[in-house]
Amino acid sequence: MNIRLRLTLLFAILVASIMLVFSLSVYYLYDQFREQEFNKRLQEKAKTTVRLLEDVNGITEPLLHAIDRNNLTAMHKEEVTIYDIQNKIIYDSGKEPFSVSPAVLQSIRDGKSFRKQDSEKEIIGIRYIDRRKEVLVVIAYAVDLYGFSKLERLRSILVTGWVISLFVVLFSGWLFAGDALRPVSEIIEQVKNISARNIHERLTIGREKDELAQLAITFNELLGRLEVAFTSQRSFVSHASHELRTPLAIMMGQLGVSLMQERTTEAYQDTIKETIEEVKKMRDLVNGLLELARLNDDSSQFFVHPLRVDELLWQAREILLTHMPNYNVHIEFDQFPEDEEALEIEGDASLLQTAFMNLMGNGCKYSQDNRVNVTLYIQEKAIRIVFVDRGVGIAEKDLPHIFEPFYRAEATQSIKGHGVGLALTERIIKLHKGDIRVRSQLGVGTHFIVTLPF
């Protein structure tokens, strides 16, 4: 069952239920009104009969049919019966007086109301005090033929109206559901036409303020993020293939030249050494690419433990200097905390070491003196680490792009690198809910400022 049919049925059931309750209420209230009105007429009939009987003949002895029925307004199958104080019938306007038990007669004499419905007959009993101060009981009954005919007519009108209204509600509900779901159909048709080739296209927003418009806006925002991801992926693949092709071409060229003619052992060793250097570059690039892809695709392997930031910095420095002995990394505290627990954060040790090594290595690599200064600041809610070098600097136009994979600033084109380290570093810092900012000036140096929350 599709949504349109479901909405139509729900709408029809809801409206039909409301109309049914309304119709039953109207029918019930009218039936109560008819009964009350007819009972009043019966009471007036009973009072008029007993008064007329008293005025004409006096109520001195049992009288049957003493009043001309043509003198009174007759109701259908009406009959009035009068009982005296000894519960004897002293008057009856019909052939079959209605039999009432002495207990009921005594209850009516005591002032209690008496109403009863026997099949179509409606019966009432009233007390009446005559001129001799005797308490009489007057029982009157009749059939409300006119009232029942109107009630039956009303029932037919309500049932017919309810059935006709049900069909009208179904039809209007079908149209209403179609109009309400039209934007959904339009969104479905537009989404069907969007693929990776035309992911730049966006959904047209018809109604600006309803929930479907919000859905379209949210989907457009999703498409925007996907477009950025696809663009980044295409750029990533393009740059990765280029970066991997270059060392492969160099190795193939070197090995090919070596095979062209006989060479000395030293020449072959030089070729092998150069090839190994290119292999190391490829290894470092592939490791960086795999790590970046892993962090982008799945952060479930991100293990959090209590860590001391100063120890991570010293460990990163030791690993870096093991591979690059000519680098100079100086670590200091702005102010050493009294409580060493202030140096602890929650994080992944290996990932943070990688991030710190990348920042230290870049600072040393792009500085003429191969030196970087690392300063640790303890703040109220976070730890701030500043990496300062006196290197070539970064142009202002390059600053917004330095964290993009494979992007390299103009001032660093002559220095070996792949442009993966900073992208990986930013991702690691973001995973730790931290922040990384950069300030730089050409020819003066660069400041990388990392903030990690406690």
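**Note on a sheet and its core**

1. M360 touches L313, A316, R317, L320, V329, I331, V372, V374 and F387, leaving aside residues up to four places away in sequence; contact means heavy atoms within 4.5 Å. This is a predicted model, in which local features need pLDDT of at least 70 and side-chain atom pairs count only at pLDDT 80 or more, while totals for chains, interfaces and linings use all residues. Residues are numbered from 1 along each chain as its sequence is written, and side-chain values use heavy atoms, with hydrogens and water left out.

2. M360 is also among the residues with the most contacts inside the largest nonpolar core, which has 38 residues. Such a core is a set of buried Ala, Val, Leu, Ile, Met, Phe, Trp, Tyr and Cys residues joined through side-chain atoms within 4.5 Å, buried being under 20% relative accessible area (1.4 Å probe, protein chains only). Helix α7 (349-365) is one of the elements that each supply at least two residues, and its seven form the largest share.

3. A second, separate core of 17 residues includes A46, V50, M75 and A142.

4. Five strands form an open sheet with mixed pairing, in the order β8-β10-β11-β13-β12.

5. β8 runs parallel to β10 (residues 367-378), joined by six bridges. H330 stands opposite N373 in β10.

Conventions: Two strands pair if DSSP finds at least two bridges between them. Helices (H or I, at least four residues) and strands (E, at least two) are DSSP runs, numbered from the N terminus. Buried means under 20% relative accessible area, exposed over 50%, partly exposed in between (1.4 Å probe, protein chains only).
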